[in-house]
Amino acid sequence: MTNHAEFHGHTALQGASAFLVRTQDGRTLAATAKHLLGQNGGVDPEVSVVALDGAIRSWRLFPRTLEDQFVEAGKVAAPGLDDPKLDWLLLTLKDTGKPLPATPLRLRPRPVEVGEDIYLVGCPYIEEPCKQNVYAGKVTARNGHRFRYDVDPPVDLRGFSGAPAIDRAGHVVGVIMLWFQPRKQDEKFLEAGGEDAASVYPRVEPRR
């Protein structure tokens with residue numbers, strides 16, 4: 001999915017990636033990368049998470065080729081997302097009564113491990129008719145609650161910020177963001193990065 005967000009007093013966010021999350025208690029949330037609320041997402045001046053609820057004029061999320069099949073984000077969905085160490089952004093969805101345009105995914109509470117196979121789900125900007133691609137990856141390193149992985153085949157990652165990385169079971173292990181200088185082959189990336197779903201899992205899922 002992709003974003004079209006308009007704000008009071010800020011330029012719009014148009015593009016990048018997002019996805020839907022289903023919590024254990026049945027809520028459906030929108031997920032994307034927090035760094036898109038600034039220069040990386042074309043938003044000027046940057047919107048802080050603390051000010052986001054009041055700044056949102058409208059926020060639609062939809063498959064890139066199906067703009068009329070959208071959901072609408074409402075407000076920040078979890079506490080503590082203003083933590084500067086986190087790049088996750090989770091938003092509630094307004095009840096429009098329409099079918100969801102994408103399948104919600106589950107967050108995995110356990111971080112990925114080096115050597116684990118994962119899959120990057122998303123579409124490059126250069127592939128205009130793309131609805132969804134899946135790229136295989138293998139985790140090569142970790143740094144705190146972030147990880148890096150090789151991508152096969154190499155892909156132009158422009159437009160992937162905020163996309164999900166999933167494991168073999170289809171659970172979200174991370175949100176895509178580049179926290180290092182990746183290896184490239186011309187305009188295509190040989191590796192990518194992400195931030196653990198485990199870093200926000202306790203903020204989203206109720207304790208049992």
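Me: What makes the set of 44 residues a nonpolar core?

Reply: In this predicted model, a nonpolar core consists of buried residues such as Phe, Leu and Trp, joined through side-chain atoms within 4.5 Å. The largest such core has 44 residues, and Phe-7, Leu-52, Trp-59, Trp-88 and Leu-107 have the most contacts inside it. Strand E7, residues 88-93, contributes the largest share of this core, with five residues.

Me: Which residues is Leu-107 in contact with, leaving aside its neighbours within four places in sequence?

Reply: Contact means heavy atoms within 4.5 Å. On that basis, Leu-107 is in contact with Val-21, Trp-88, Val-172, Ala-197, Val-200, Tyr-201 and Val-204.

Me: How do you know which residues line the largest pocket, and which are closest to its centre?

Reply: A lining residue has an atom within 4 Å of a pocket point. The largest pocket holds about 420 Å³ of space. It has 20 lining residues, of which Met-1, Ala-102, Val-121, Lys-131 and Gln-132 are the closest to its centre. By class, the lining comprises 13 nonpolar, five polar and two charged residues.

Me: What makes up the lining of the second largest pocket, by class?

Reply: This lining has 10 nonpolar, seven polar and two charged residues. Strand E2, residues 10-15, gives the most, with three residues. The pocket's volume is about 360 Å³.

Note on methods. Residues are numbered from 1 along each chain as its sequence is written. This is a predicted model: local features need pLDDT of at least 70, side-chain atom pairs count only at pLDDT 80 or more; totals for chains, interfaces and linings use all residues. Side-chain values use heavy atoms; hydrogens and water are left out. Buried means under 20% relative accessible area, exposed over 50%, partly exposed in between (1.4 Å probe, protein chains only). Helices (H or I, at least four residues) and strands (E, at least two) are DSSP runs, numbered from the N terminus. On a 1 Å grid over the protein atoms alone, a cavity is a set of points where a 1.4 Å probe fits but cannot get out, and a pocket is an open set with protein on both sides within 12 Å along at least five of seven lines; lining residues have an atom within 4 Å of a point. Grid points are joined across faces, edges and corners, and a volume is the space filled by probe spheres set on the points. Ala, Val, Leu, Ile, Met, Phe, Trp, Tyr, Cys and Pro count as nonpolar, Asp, Glu, Lys and Arg as charged, and the others, Gly among them, as polar.
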